[in-house]
Amino acid sequence: MQWFNVILQGVLIGGLYAMFAAGLSLIFGVMRLVNIAHGDLIVLAAYISLMVVQSLDVDPLTSLVFVVPAMAAIGYLLQRGLLNRTLGDDLLPPLLVTFGLSIIIQNGLLELFTADSRRLQAGPIEVETFQLAPGVWIGALPLIQFAVAVAVIAGFQGLFYRTALGRAFRATSDDQPVAQLMGLDTRHVFAMAMALSLAVIAIAGVFLAVRTNFDPAIGPARLIFGFEAVIIGGLGSMWGTLAGGIILGVAQAVGAQVDPGWQLLAGHLVFLAILAVRPQGLFPKVSG
Amino acid sequence: MSRVEHATRSSRVGVVVIAVAVAGLALAPFWGDRQTLRLLAEMFTFVALASLWNLLAGYAGLVSVGQQAFVGFGGYLLFALAILWDVHPIAAVFIAGPIGALLAVPVAALIFRLRGAYFAIGTWVVAEVFRLLASQISVLGGGSGISLPASVVIAMAPTRQMREFETYWLALALTIAIFSAIIALLRSRHGLALTAIRDNELTAQSNGIDVARIKLIVYVLTAFGTSMIGALIFLQKLRISPDTAFSVNDWTAFVIFITVIGGIGRVEGPVIGTIVFFVLRQMLADLGSLYLLMMGAVAIIVMLWAPKGVWGLIAERFGWQALPLQRHLVLGKETGGKS
């Protein structure tokens, strides 16, 4: 029963990792951009939420009403103002510019908020649990977090295949010059993708901040978790990304159960093992 | 008879200037104080790290953000060899090279499955794995790290001053060796292939260059040099811990900024970049984290508006090259025009 519990906790954390990954996967799919600052933007969202919670005296989940639009706006402006300039055949500019951005965000947060670790208090819901089966308890908050993750992935899936914006995303992803010829303003499409990516980052950031302590330096590790979930699941597959997040979460939970020092290592090793035996990931989209 | 030459007038001047500078630096223990020596030795290690990263990313197109894996590995190998097996630390620096290269082969087998930017993050994951493994090694201090025992340090040289001279000269010699090896590689047949890959990978491939093989060779050679420099860095510091050894800021962010600011894809870039970086650091060090923030901003500005860096601007404006690398055909016997 103890192991069942461990795995269940891993699955629930996996939802959070899938949220780290979803935005990363989206912008890679649409514009082949890998955003090295992704993790630091998650932490930025956590700090924005902290400011909202402190100044308006609301609970963290309500702060999403402000944090999500704020992050989306940042994403749109970032793409229009800076990142669109880096796109092209050369790999280096987007990589180095987002790497520079990562350093800027980390040190900016350090300057504003110091290196002290913070936590968002969600009130009584934090400790609320219910019994799933004899000996198996589930926290209300992890369950909400997982449900939100599934909703985000399902929302992405719906957006891609049911809306005009999704069609624009897919068109630019398939062939950018042709999409442009068909009258799509790719600069705007890219900026919308980044806005959406940062909107999901905002949700992930707030849940992260409620779940654990955070400080300005924890961003890069979140980027790596998200990245691992994307690769494990297979590029281009949103449900695969959710599965990738869950596998990573379970690997870490099992590793931590064996030895606390092995939590992160177990996750990385599972990622490397999958890379070794199935480099295209577990559920790759049929490549075309 | 027509022939291919590397040298130009500027490169002949460049070689003389470099020779004089190297001679001056070799004599630094006689004119500089301890502080200067330490700063210079640190600069040498950054020139070496940036030159190696430049070869990897600027020429072979392998943008790694995980070279700290090999810096840290070299450092830890030095401590393991010196503490557990009584190997002389300077010998350990040289052993770190081949072992690092050997380690790079299976690492490459894994991460070469990832393309482009995903390759970059893959290298980072490997570095994280190394860091986490290092913190599991309790004989080397686990997560909190370990100092090089006094007995080992004393065995290196009878006085502190002699030891500092020794590590200074080692840093200078190693950096020159790595720098020269890169130039020799670029002037060779493989260098022509590498330059072709830098300029257009697809065209290089279709002209019969085995791109995958050359990339692997460059990755392994870079690991060789980076591991040696890693061992040297922690011989200078005399203390190691997982967080300092595998620091992404120190051994990757700074190194990338240096290369980008100096000029990526040119051998002169890392040298110029290191000088700019250290001048900025001496001027802005009091600002703390704001200084790093400004470095990040400078790197972004350079990348977007002067992607060839400081040396690229100079080279294009004046047609200079400090080192005889570019090939140009000399027609006829003595009368041939350049270009």
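**From one bridge to the whole chain**

Start at A:A133, whose bridge partner in β2(A) is A:V136. This is a predicted model, where local features need pLDDT of at least 70 and side-chain atom pairs count only at pLDDT 80 or more, while totals for chains, interfaces and linings use all residues. Residues are numbered from 1 along each chain as its sequence is written, chains are lettered from A and ligands numbered from 1 in the order in which they are written, and side-chain values use heavy atoms, with hydrogens and water left out.

Strands β1 (residues 129–133) and β2 (residues 136–139) of chain A pair in the antiparallel sense over four bridges; pairing here takes at least two DSSP bridges between two strands. Together β1(A) and β2(A) make a hairpin with two residues between them, and A:G135 in the turn has a positive phi of about 85°.

Zooming out, chain A has eleven helices and two strands, counted as DSSP runs numbered from the N terminus (helices: H or I, at least four residues; strands: E, at least two). Along the sequence, the order is α-α-α-α-β-β-α-α-α-α-α-α-α. The radius of gyration of chain A is 19 Å, close to the 19 Å from the globule rule for 288 residues, so chain A is as compact as a globular protein of that length. That radius is taken over C-alpha atoms, and the rule is 2.2 Å times the number of residues to the power 0.38. The C-alpha trace spans about 60 × 50 × 35 Å along its principal axes.
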